[in-house]
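Here is a quick tour of one chain, written for someone who likes to know the cut-offs behind each term. Have the viewer open and follow along.

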Amino acid sequence: MMKRPTIADLAQASGVSIATVNRILGGTGAVRAETIERVQNAAEEIGFYGRGVIEDRRQRLLPNYRFGFLLQQSSRELYRLFGSKITEAAARRQHEKVVAVVDFVDVLEPQNIADRLEALGKRCDAVAVIAGDHPLIGQTIQSLKERGKPVVAYITDQSARDRAGFVGTDNWKLGRTAAWFLAQTTPMPGRIAVFIGNHRYQCQDVSDASFRSYMREHAPHLQVDDSRPTHEEPEEAYRIVSQLLSELDDLRGIFIVGGGISGVLRALREAPAEKRDKVRVVCRDIGPETRKGLTEGLIMAALCHPLDQISDELIATMIAALEHRDSPTILQRVVPFETITPESV
């Protein structure tokens, strides 16, 4: 039988003194977190019997954070998916204990969002928010910063100079990629409809602008209509698409920049096949409705936030914002978007 590793063996394997190992095992005296982690790794390698005690000491020394996340529209499956992925990312942290407080705001009026952001900031060390860009929200971001509560814009940026950072995709590239898909698959002249949730969402406005930029440059045979707001409501998207399909014979494509994809898909399913088959659809993000639309062939491509990666980046950015809260630097974390097609879904 192999000899059971001793405290002296663990000290030698981890490069620390026997006294340091004893302090860790006994829970007495100050030991740096990185030293405990090094001893823990060595204990795993040599099979030391007190690994549970070392892990418990490491856990007790981890910094604790309570982070708030103000998302939108609890009725939308996509935002609920955002929330669950954020909670999973918080649980994955190895060097901190992060409690994720996920809240949803259904009334999207700027004052209501600002009030909810203020309330969440009072309960948390830092806050992330998905919201349209509005001065009332910017004033709340400034107020929270003055009280040492950093606010990170998530998915869509804010113009507030006091925001701590932004985590999202490159929306200029996203819009041009959507235009590339439609231009490459639509040789016949015709019209393209663009649906935007709200022009105060910077991510949507930038994608809309870059989409048009590409079309002007590479697809002059396609006429891009003025953007139609859906206010993120599927019923409004359904109404508009149904009307377009009944009135137009030359509708060739739809770009869904914001919400409302379920309404768009419902209108397409109800339309005659000869009209539906002429229309190419590109949308953002993937939830159950989008996944179904892809498998049915109604959607050509979905340009999506990689939810695991972007959730990890969000938590890391909020920790960095707290560690550098006195810095004037605005942290920017741009995560490449995913492209999902019917063949890759």
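Let's start with a helix pair. Helix α10 (residues 234-247) packs against helix α11 (residues 261-270) at an angle of about 35 degrees, and their axes are 7 Å apart. Axes here are lines fitted to C-alpha atoms, for helices over the stretch in contact, with angles running from 0 to 180 degrees between N-to-C directions. Helices (H or I, at least four residues) and strands (E, at least two) are DSSP runs, numbered from the N terminus.

Before going on, a word on provenance: this is a predicted model, where local features need pLDDT of at least 70, side-chain atom pairs count only at pLDDT 80 or more, and totals for chains, interfaces and linings use all residues. Residues are numbered from 1 along each chain as its sequence is written, and side-chain values use heavy atoms, with hydrogens and water left out.

On the α10 side, the contact (heavy atoms within 4.5 Å) uses Pro-234, Glu-235, Ala-237, Tyr-238, Val-241, Ser-242 and Leu-245. They meet Ser-262, Gly-263, Val-264, Arg-266, Ala-267, Leu-268 and Glu-270 of α11. Sorted by class, that contact of α10 with α11 has 8 nonpolar, 3 polar and 3 charged residues. For the classes, Ala, Val, Leu, Ile, Met, Phe, Trp, Tyr, Cys and Pro are nonpolar, Asp, Glu, Lys and Arg are charged, and the others, Gly among them, are polar.

A second pair is α2 (residues 18-26) with α4 (residues 51-61), at about 80 degrees and with axes 8 Å apart. That angle makes α2 roughly perpendicular to α4 (65 to 115 degrees; under 35 is roughly parallel, over 145 roughly antiparallel, the rest oblique). Arg-23, Ile-24 and Leu-25 of α2 make the contact with Val-53, Ile-54 and Arg-57 of α4. By class, the contact of α2 with α4 has 4 nonpolar, no polar and 2 charged residues.

Now zoom out. The chain has 14 helices and 13 strands, and its C-alpha atoms fill a box of roughly 80 × 55 × 35 Å along the principal axes. Of its 345 residues, 51% count as buried (under 20% relative accessible area; exposed is over 50%, partly exposed in between, with a 1.4 Å probe and protein chains only). Among contacts between residues at least 6 apart in sequence, 72% join residues at least 24 apart.

Ile-155, however, has a positive phi near 70 degrees; it sits in the loop between β4 (151-154) and β5 (165-168) and is buried, at 7% relative accessible area. His-231 also has a positive phi, about 55 degrees, and lies in the loop between β8 (228-229) and α10.

Two C-alpha pairs are worth a click:

| Pair | Separation in sequence | C-alpha distance |
|---|---|---|
| Asp-103 and Gln-72 | 31 residues | 8.1 Å |
| Ala-8 and Asn-22 | 14 residues | 9.8 Å |

Asp-103 lies in strand β2 (residues 97-105). Leaving aside neighbours within four places in sequence, Asp-103 is in contact with Phe-69, Leu-70, Leu-71, Arg-116 and Leu-120. Ala-8 belongs to helix α1 (residues 7-14) and is partly exposed, with a relative accessible area of 38%.
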